[in-house]
Amino acid sequence: MSDSKEFDRTRYFELKKQLEEASRLYYKEGVSPMSDQDFDFGLKEMEALEKKYPDLGGSSSLTRNVGSDLTNDFAKVTHAVPMLSISNVYSAEEMQEFIRAAEEGIAEISEALSQESGASNIEPQASKWICERKIDGVSLSIVYENGRLKQAVTRGDGAQGDDVTLNALTIPDIPEYFDAKKLKIDPSEIPQGTFEVRGEVYMEREAFERLNEQLILEGKKIFQNCRNTVSGSLKLKSVNECKTRPMRFFAYHIPQSSNQTHQQNLDQLRKLGFNTNQFWTADSADEIMKISEEIGAGRDNLPYDIDGMVVKLNNLSQQRALGTTSKSPRWAIAYKFKAERAYTPLLSVEFQVGRTGAVTPVANLAPVRLAGTTVKRATLHNFDEVARLDLHFGDTVGVEKGGEIIPKITDVKKELRPEGAVPVRAPETCPECGTPLTHVDGEVILRCENLHCKAQVQCLFEHFVSREAMNIENLGPSLLASLIATGKIKRIPDLYHLTMEDLESQERMAKKSAKNVFDAIQASKERSLENLLHGLGIRFVGRTSARNLAKHFRTLEAIRTATPEQLQGVTDVGERIGYSVYDFFHTEMYTAEVDELIAQGCPTEFKGVVKTLFAGQTAVITGTLPTMDRDEARKLIEENGGKVSGSVSKKTSWVLAGEAAGSKLTKANELGIPVHDEAWLLQQIAENAEGSDSSGENSLPQKTEQKLSTEQPEQLSLQL
């Protein structure tokens, strides 16, 4: 392989990993780890490399698919018309290229139809373009049946979405039904049969700020931005909690319309009681760009966030003629605004310790107006970024808002640097507890390794009592925070010293509730060794490595006395985890706590049975299973010697698929990997328990394999 080709392929897989993680965080966890522009430019680079090396791309590539926000908590609904994402452009030149390609496409299709039939059903030239503000929110499909709301569905992966009907009904802008008298329209104008409306759920900035202020008063974590708050709110399991989230809705599309133009669609939506956004019309790319300047200049005066302008063909027959790619319509484009930037002096730098021990520098700034708000603080991300900026106290710095509550510093005007300015240096010790900070190879962050640092102690307790660790029910974050604040618990062993009186003394803790918590704490002593190992918070030790260590050594004492080399010999442990475990059990502060936990009766032996049914096999779980969630399925597989991975590759032994299986199922079929359902899994385990496979080295029964198709999702439930 040439150096150039090797470099390209390495770059491709770096981009793939980075962008897939960014997409996962954005859609699944409501976190924006990178700007839209950086993400889009990365996608374009991936697309260019896929064209250069066709073997790199595939049907599951991010360049061909809409990001997915599907979860296992809601029923899945297939969209009658796919909900695609709109492609982005960032310059006048890109906008001109899009307009040119669309107009040429319409002309070519019109000419071809004319030659074929002597007449064309579409106009040979593009009619007016419609320009609308691009709301920074979450897409939603609302389906009405004979004028009454039937279903509200998120975009999901574009082909299917999550049913969030009950939560959508808490949004006042979404009509539950169309009342002709109230709307002052003729009853004949109420759509009959199925009528779908698409739009954007959003939150106004002032309402968002009030919500965060309330969360601060309650001692809870605040939200990152309006868009991510809306995304999480639509997926709340509690409708009552959803009612407390002040969401709004703009309607902008009728996917199966009998109208002739998009403008008529907007008129119809307004008549039916929906809020629609202001729009402008244009005939050329130059006019469109002038409108973008007008919209951009007024964005600070709006009560909600916009991040650009959407441009759509007005003529619906032209829209249908141009069609779509697998990911985006060819008749619409989003022009994304550049992030606003302001310059202001740097006053000081704080070093914040996160709940995992990561130390983050945050800049305090002279107040400056930016994107409609006054900015006083900005994130510096990490100390590599501080070094890159060559940041000095008193510097005049550029600040941008990139979808975060705390803006970021982008550059420094070094020509304005005061004489004798002192550079910003990383601290050597933790600002919270004074412990020397560590810089681990391969990481860009400084970290406080003291698990008892007051900035981390709440997180450690939450982890210890979690279901994956000691599984202490009813001992949630609020009660833990109260116990910490009142001094009842400071270290993990303190949990086992709690009395009924300690628990009853906490706010809103009745005697029965206190008894439930007390009993749960005592019951946790009956767990197995792997639960305690995982709960201790040993760095890098996750659920799987804790179980593997417990199965291998069988007792806590054997783990405590093992050498780093012996620890590294355990499956999926390796050098990094091995040394971390060794260091933990050779640190006096932690070993004293472990001794105390042992004295309190916490588990010191592996209580599970070593099963080898799926030994040496790696499974991937996708879709919604009939009777168990993915976590339960994973536990069954791991308890029977198998390993569960989050992605499908050539090393995958088989895939466990349920309803609404997506890209993982597609890739499994492409690679010829066996696909099984929940019934197969339970049958294998039952047969093994009866002794039908006493060797534990079973092969995958070919007669029960199922090659499930993603092209006919409605048949999936029948196959499963």
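Tutor: Start at a helix end. Helix 24 is followed by G672, whose phi is positive, near 70 degrees. Helices (H or I, at least four residues) and strands (E, at least two) are DSSP runs, numbered from the N terminus. This is a predicted model: local features need pLDDT of at least 70, side-chain atom pairs count only at pLDDT 80 or more, and totals for chains, interfaces and linings use all residues. Residues are numbered from 1 along each chain as its sequence is written, and side-chain values use heavy atoms, with hydrogens and water left out.

Student: Which residues of helix 24 are buried?

Tutor: In helix 24 (residues 663-671) they are L665, T666, A668 and N669. Buried means under 20% relative accessible area, exposed over 50%, and partly exposed in between (1.4 Å probe, protein chains only).

Student: What makes them line one face of helix 24?

Tutor: Look down the axis. The buried residues of helix 24 fall within an arc of 160 degrees, so they line one face. The arc is that of the directions from the helix axis to the C-beta atoms. An α-helix has 3.6 residues a turn, so residues three or four places apart point the same way.

Student: What do the buried residues of helix 24 pack against?

Tutor: Their partners are strand 18 (618-622), strand 20 (654-657) and strand 21 (675-676). Contact means heavy atoms within 4.5 Å.

Student: How do you know that the buried residues of helix 9 are on the same side?

Tutor: Helix 9 (residues 262-271) has H262, N265, L266 and L269 buried. They cover an arc of only 95 degrees around the axis, which puts them on the same side of helix 9. They pack against several elements, including strand 3 (129-135), strand 8 (248-253) and helix 11 (316-322). Helix 9 is followed by G273, with a positive phi near 95 degrees.

Student: Why is G398 called buried?

Tutor: Its relative accessibility is 0%, so G398 counts as buried. G398 sits in strand 15 (residues 396-400). Leaving aside neighbours within four places in sequence, G398 is in contact with R341, A342, Y343, K408, I409, T410 and D411. The C-alpha atoms of G398 and K408 are separated by 8.4 Å, with the two residues ten apart along the chain.

Student: Why is K184 called exposed?

Tutor: K184 has a relative accessible area of 77%, so it is exposed. K184 is found in the loop between helix 5 (180-183) and strand 7 (194-202). K184 has a positive phi of about 60 degrees although it is not a glycine.

Student: Why is H381 called partly exposed?

Tutor: The relative accessible area of H381 is 36%, so H381 is partly exposed. H381 is in the loop between strand 14 (373-379) and helix 12 (383-389). H381 is not a glycine, yet its phi is positive, about 70 degrees.

Student: What makes a set of residues a nonpolar core?

Tutor: The members are buried Ala, Val, Leu, Ile, Met, Phe, Trp, Tyr and Cys residues joined through side-chain atoms within 4.5 Å. Of the 49 residues in the largest nonpolar core, L475, L495, L533 and F585 touch the most other members. Helix 13 (residues 457-465) gives the most to this core, with five residues. A second, separate core of 35 residues includes I171, I174, A251 and L269.

Student: Which residues does L533 contact, leaving aside its neighbours within four places in sequence?

Tutor: L533 is in contact with I538, V541, A546, L549, A550, L556, I559 and F585.

Student: What makes a space a cavity?

Tutor: On a 1 Å grid over the protein atoms alone, a cavity is a set of points where a 1.4 Å probe fits but cannot get out. Grid points are joined across faces, edges and corners, and a volume is the space filled by probe spheres set on the points. A search of the whole structure finds one cavity of 30 Å³ or more. The largest cavity has a volume of about 70 Å³.

Student: Which residues line the largest cavity?

Tutor: L451, H452, L460, I492, L536, F584, Y590, E593, V594 and L597 do. Lining residues have an atom within 4 Å of a point. Helix 22 (residues 588-599) supplies the largest share of the lining, four residues.

Methods:
1 Å grid on protein atoms, 1.4 Å probe; cavity = no way out; pocket = protein on both sides within 12 Å on 5 of 7 lines; lining within 4 Å.
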